[in-house]
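Please look at the chain shown here before reading on.

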Amino acid sequence: YAKVEQNMRAYERGIVEWNAKQGLFEKRVEFAPDAPAFPMGHSLSHVDDGVEYVYFCHPLPHVRVRATPDSLLDLQQYESWTCFTNGSQPDDFQLDRDDSEKLVWAWRRNTIRPTREMEEKLVADGTLQPEERAVVLQVAGRNQPVVLHTASVAWNEHRNRWIMIGLEVGATESVLGELYYCEASELTGPWSRAVKIVSHAQYSFYNPRLHPMLNQQDGRYVFFEGTYTQTFSAARHPTPRYDYNQIMYRLDLMDERLEPTRIK
């Protein structure tokens, strides 16, 4: 859970547990505001090297924890997919490079992961090369970057790849209404080529979520939903009887317009 102010700044985070007998949520733990890794965004389960983890996408699955109740409640057990050295914090961090100066990415505990803002500063001062950023996502066939706000990731049997539905932030058509599809051979990426699949001109469609349990024809058809709302948009009038509702889309992964995203 998260408690947020009117400006959308989260001032408290934690985990609550449903009490079926009393019919309410009970707080189990509250997280320190400066925690390097914590559960946020859409989750997914995946077994890595024989261990089941819960991954959290914000926007990509770069935070994980063992899939046990005790681990979920203990921030010391959370891991970040990061190129910073062990123990790095926002005010004291160092890039991990090998003898050939190549970045070393790994799952590490009690270590921050690079945010988009941090990467922009490191690129600006020459510490990080543009192509070394965690996510270098571009519109397929064009030299046009896509900056993600939120995303949902799932394994797809039809493509035999990880697929992602991502929401762009700051688009000209709508600030939070442009949806992209991309895929990767590994859960951690690289995610590089994206194709726009849905546009909500001057309207918001935020927090997209894939629903693999609804897949059809072994994953050829996938389903995702999002919140359709006038909020955060430039729309002067809400859509009657639809505003602030969930809308579901079906996407055909055989559509030839997705071909530029394919990983051979």
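## Basis of the report

This is a predicted model, in which local features need pLDDT of at least 70, side-chain atom pairs count only at pLDDT 80 or more, and totals for chains, interfaces and linings use all residues. Residues are numbered from 1 along each chain as its sequence is written, and side-chain values use heavy atoms, with hydrogens and water left out.

## The whole chain

The chain contains two helices and 16 strands; helices (H or I, at least four residues) and strands (E, at least two) are DSSP runs, numbered from the N terminus. Its radius of gyration, taken over C-alpha atoms, is 19 Å, close to the 18 Å of the globule rule for 264 residues (2.2 Å times the number of residues to the power 0.38), so the chain is as compact as a globular protein of that length.

Along the principal axes, the C-alpha atoms fill a box of roughly 55 × 50 × 40 Å. Of the 264 residues, 41% count as buried, meaning under 20% relative accessible area with a 1.4 Å probe and protein chains only.

Strand β1 (residues 2–4) is joined to β2 by three bridges, and the two run antiparallel; strands count as paired if DSSP finds at least two bridges between them. Ala2 stands opposite Arg13 in β2. Five residues lie between β1 and β2 in their hairpin, where Met8 takes a positive phi near 75 degrees.

β2 also pairs with strand β3 (residues 24–30), in the antiparallel sense over six bridges. Asn19 has Leu24 in β3 as its bridge partner. The hairpin of β2 and β3 has four residues between the strands, and Gly23 in the turn has a positive phi of about 70 degrees.

## A three-stranded sheet

An open, antiparallel sheet is formed by three strands in the order β14-β15-β16. Its edge strands, β14 (204–210) and β16 (245–252), each pair on one side only. Strand β15 (residues 221–229) is joined to β16 by eight bridges, and Phe224 stands opposite Tyr249 in β16.

## Cavities

Empty space shows up when a probe the size of a water molecule is rolled over the atoms. On a 1 Å grid over the protein atoms alone, a cavity is a set of points where a 1.4 Å probe fits but cannot get out, and lining residues have an atom within 4 Å of a point. There are two cavities of 30 Å³ or more, a volume being the space filled by probe spheres set on points joined across faces, edges and corners.

The largest cavity has a volume of about 60 Å³. Its lining includes Phe38, Phe56, His58 and Arg113, and β5 (51–57) and β6 (61–66) each supply at least two of the lining residues. The second largest cavity holds about 30 Å³, and Trp155, Ile163 and Val222 are among its lining residues. Strand β10 (residues 148–156) gives the most to that lining, with three residues.

## The second largest pocket

A pocket is an open set of points with protein on both sides within 12 Å along at least five of seven lines. The second largest pocket has about 230 Å³ of space. It is lined by 14 residues, with Gly14, Ile15, Val16, Leu72 and Leu73 nearest its centre. Two or more lining residues come from each of β2 (10–19) and α1 (69–72), and β2 gives the most, with five.

Key: Buried means under 20% relative accessible area, exposed over 50%, partly exposed in between (1.4 Å probe, protein chains only).
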